[in-house]
Structures are given as C-alpha cells and as structure tokens.
Amino acid sequence: MTRCIALSVLAAALTAGAANAADTAEPTIRDTPLEVADTAPAPTLPEFGADKPIDLAKVFAEGPTVLVVLRGYPGYQCPLCSRQVGEYIQAAAKLREAGAQVVLVYPGGVSNLAERAEEFLAEKKLPEPLTMVLDPEYALTDAYGLRWDAPNETAYPSTYIIGPDRKATFAVVSKSHGGRVPVAKVLKELQKAE
C-alpha cells in the first residue's frame, strides 16, 4: 500500500513537472508570422556543407543576426532567391563591417534537400559572415509562422534582424514570390540598431 502511494506521488510530481516544462517550451508552430519585438525561436539546424549543426541561440547571442528565409526547394530552384543570395554575397564585406551574421535558411520537404541546396548554390561560395542552414523538417519555418502551405510552396520569403536578446528588431514577410528586402535596406536597419 505504501509503495502504491509513493508511486502515485511520484507520478503526480512527474506530471506536474512535464506540464511546467510544456508551459516554458518554445512553440513549434505559429499561426501568424513572427513580428518585431517577438522573441525569435532558435532551433538547432544542420549547416549546409558541414558536419555540424548550428545552434541559432548561440548565433543570435553573438550580435545582430540577419535571418533570411528563402523558398528553398518547392520543386524547383527559385530565381528570385538566387538573385537575393547573390546580393548578400556581393554585400558580404559591408555586412561584416556592420558586425552582423547572416543566416540563410533553405527549407524543403524533399529527402535530398542537401543535394538541392548544393544545386541552388551551384558555383556560389558563401563568404563570411554568410552561412546557410537547411530546414528539412520545417522546424524554423513553422516556429516563425512562415509555412506557405500551398502546392509547390515551402515558406514565405522573409527577412529578420534578430538582436543578441533574441528579439526581432526588423521583420518583413512576403506573401508572394517577390517582395524581397534589398540588402541596402538591411544595412540601414543594422546602422539604426547600433
């Protein structure tokens, strides 16, 4: 009888602990896109071309981070995403001078996402401070409320600036293939934050 009571007390404590942990856990899916002043979720995602994952919480803590969510692989390589990444590559020195890290997010629901990302970058080399991560299970896409749930779509193209406190200081979400934020605008926003 005493053992049954002890087990009941232990089960109740574990249930309460699990409920408290669930209350403090980051949401896995948002219904609306992340906005300015919201705390940015920071999942750990695989870095493209590396054998190590990237802990976005550590990246965000190092200083301002420009987070660019691409369309990834919705069944083809997006030419607007290619152009956008090209702009970031050309502006790498200015972004580095601004003290920013740039994380490009390449989402997709295909099993060979790394191969598709390699195809996307083709001959491009990402200079410092640019990094690309894969989002094969839509962990980041869903946590930021950016899932474009339609045929041949993955994520809404989006640009965020995340401060070291993990708060979004800039947020633009495009509900179309266009509407990309020019790098010049991102650099101006980074200057405001200094």
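**A loop and its surroundings**

Tutor: Glycine 163 lies in the loop between β6 and β7; helices (H or I, at least four residues) and strands (E, at least two) are DSSP runs, numbered from the N terminus. The model is predicted, so local features require pLDDT of at least 70 and side-chain atom pairs pLDDT 80 or more, whereas totals for chains, interfaces and linings use all residues. Residues are numbered from 1 along each chain as its sequence is written, and side-chain values use heavy atoms, with hydrogens and water left out.

Glycine 163 is buried, at 9% relative accessibility. Buried here means under 20% relative accessible area, exposed over 50%, and partly exposed in between (1.4 Å probe, protein chains only). When residues up to four places away in sequence are not counted, glycine 163 touches Phe60 and Gly63, contact being defined as heavy atoms within 4.5 Å.

Most residues other than glycine have a negative phi, and most peptide bonds are trans.

In α7 (residues 183–193), the buried residues are Val183, Val186, Leu187, Glu189 and Leu190. They lie on the same side of α7 because they cover an arc of only 160° around the axis, the arc being that of the directions from the helix axis to the C-beta atoms. The face turned away from this buried side carries the exposed residues Ala184, Lys188, Gln191 and Lys192.

Charged side chains also pair within α7. Lysine 185 and glutamate 189 meet in a salt bridge at 3.0 Å, N to O, where a salt bridge is a side-chain nitrogen of Lys or Arg within 4 Å of a carboxyl oxygen of Asp or Glu. The two residues are four apart in helix α7, and therefore separated by about one helical turn. Lysine 185 is partly exposed at 37% relative accessibility, whereas glutamate 189 is buried at 12%. A network of salt bridges links Lys185, Glu189 and Lys192.

The whole structure contains six salt bridges. Another joins arginine 30 to aspartate 38 at 3.2 Å, N to O; arginine 30 is partly exposed at 24% relative accessibility, and aspartate 38 is partly exposed at 22%.

Arginine 30 leads in turn to aspartate 142. Leaving aside neighbours within four places in sequence, aspartate 142 is in contact with Thr28, Ile29, Arg30, Glu137 and Arg147. Aspartate 142 belongs to helix α6 (residues 139–143) and is buried, with a relative accessible area of 17%. Its C-alpha atom is separated by 9.0 Å from that of proline 33, 109 residues away along the chain.

Asparagine 152 has a positive phi of about 60° although it is not a glycine, and it is exposed at 53% relative accessibility.
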